[in-house]
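Please look through the model below before reading on.

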Amino acid sequence: MLGLLLALNFLAATKAPPADAHDIRFLEQTVTRVANSYPARTAQLGVVIEEAASGRRLIMRQADREFAPASNFKLLDAAAALSYLGASFRFSTSLLARGSISGGTLNGDLILVGGGDPILTRDDVRAASAMVKAAGIVKVAGTVLVDGSSFDGQRYGSGWAWDDMPYYYQPPIQALAVDEGTVGVNVTPGDRVGAPVSVSLERDPGSMSLVSIALTSKDKNTDDVDCFRSPGSKTITIVGHVPLGKQTSSIRCAVEDSNEDAAAVLTQTLADAGVSVGATALGEPPKNIGLDMSDFGPLPPALPLRYPGATVLWSHASPTLTELLRRMMPPSDNFIAEHLFKMLPVAAFGQRGSFDGGASVERQFIRSLGLDPRSIDNGDGSGLSQGDRITPLDLAEILRWETRSSSGAALISALARAGIEGTVRHHLQGSDAVGRVLAKDGYIWHVSTFSGYALSKHHGLMIFSIMFNDVNGLMRPIYKDEDEIVKAIVNMP
């Protein structure tokens, strides 16, 4: 509710004297000073600053140059999702029983049907298992099958780094996933320096195995334990060091196949509920697309046509898109962003969800704003791809569109308060701009971006997009440069 009220306050703050020539010179001087400082002068800098109410562009520096956006790409992803899915959209997941039930035995299979829900949890799956037991089923003669056919089989966006696949922020993007396609690994140091680190899975449904070559370290600052997994492997290797005497901690590692992992979790929670499951399907398997294969085909038929005679034992709806955006933006959740991205062609074209389909819808959205769709190159929705590109002007115009859109408050309220929360909490700290800026930042190798809304002291609501590319060395000075520009917006005379 606080976020919504803040968004409404920002939207209402449009009646103020426009910036004059003196204000514009003040902004120009700040941007020029930043651009000429080190290390900013060794990088590419794009800046757009415009008035939210009038759309008047006060600063345009390399505004039409295509920059790598990093997580600023989530602004496009969210805006397109609101436009095509709607603020009240919810993902759905279902569990079907196919076959007759006699004497507590399902003479058939259970089919878990994914609809792309990015925040399905183990507790949700446990609730599904409880409904199986409530239906009087204590034995499944067949097995658990997963239907992930609403999405294609391409698990990773084009341009994603292969060596990031083990990490929580780059799990596979499929129609079914539990706990954002990750498993938790408990990590405990040994009883002496050099001793092996003890590891265990928080949940062990059998979809992944675990080994460790991590060691116990003497230095408390040598704490770099992490996940490693070769492409195609279902074995997570824990590497690095854990300081002697540290309490047991947990890290999250990505699974290999989130559809398969969801089936394994369901099988395990069924066993916990007292329901035994066989190993061999009694009916035809779901028509899923093969792993890592893209597909632009039509959506599969509705469940009654896909599985005639099957009984829906459990159905689950995700939070609304508005609520999902609030969970996505502050921590910069890549998983939610990519599921929204794949859902775009489902809503817009009636196609199976895919990365390429999401890219087509976003280009269509950019065109609807009067912008050139050739100004973006979008291999994903999160900004993870090394090939993603967008202009500062595109980002600024997307943000301005949301000040006029009926669903705009949903995006604005999802943004984090700079200096206070989320990934932007380190921005603007100690300045009088704190509490006056709602924004999204982005960072990948050699890239830093910062875009959002700034409530200026004297001239109403301003929109800004600041994009640094080709940055060498530490990012800390670049973050300060971004802050200097935003503080100048807030403090225009």
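**Backbone, sheet and packing**

Asp292 is found in the loop between strand E15 (276–277) and helix H6 (303–306); helices (H or I, at least four residues) and strands (E, at least two) are DSSP runs, numbered from the N terminus. The phi of Asp292 is near 65°, a positive value in a residue other than glycine. This is a predicted model, in which local features need pLDDT of at least 70, side-chain atom pairs count only at pLDDT 80 or more, and totals for chains, interfaces and linings use all residues. Residues are numbered from 1 along each chain as its sequence is written, and side-chain values use heavy atoms, with hydrogens and water left out.

Another loop, between helix H2 (21–36) and E1, holds Pro39. The peptide bond that joins Tyr38 and Pro39 is cis, with omega about 10°. Most residues other than glycine have a negative phi, and most peptide bonds are trans.

The open sheet is built from 6 strands in the order E2-E1-E20-E19-E18-E17, with antiparallel pairing; two strands pair if DSSP finds at least two bridges between them. Strand E2 (57–61) and strand E17 (416–417) are at the edges with a single partner strand each, so one side of each has no neighbour in the sheet. Helix H10 (residues 392–404) packs on the sheet and touches strand E1 (44–51), E2, E19 and strand E20 (461–469), where contact means heavy atoms within 4.5 Å. The direction of H10 makes about 155° with that of E20; axes are lines fitted to C-alpha atoms, for helices over the stretch in contact, and angles run from 0 to 180 degrees between N-to-C directions. Within the sheet, strand E18 (residues 437–444) and strand E19 (residues 447–455) are antiparallel partners over 8 bridges, and Leu438 has Tyr453 in E19 as its bridge partner.

How do the axes of helix H3 (residues 73–84) and helix H8 (residues 334–349) cross? They come within 9 Å and cross at roughly 40°. H3 and H8 are therefore oblique to each other (under 35 degrees is roughly parallel, over 145 roughly antiparallel, 65 to 115 roughly perpendicular, and the rest oblique). Residues of H3, including Lys74 and Tyr84, meet residues of H8, including Asn334 and Phe341.

The structure holds 1 disulfide, a disulfide being a pair of cysteine sulfur atoms within 2.5 Å. Cys227 and Cys253 form the link, with their sulfur atoms 2.0 Å apart. Cys227 lies in strand E11 (residues 226–228) and Cys253 in strand E14 (residues 249–254), so the pair ties together parts 26 residues apart in sequence.
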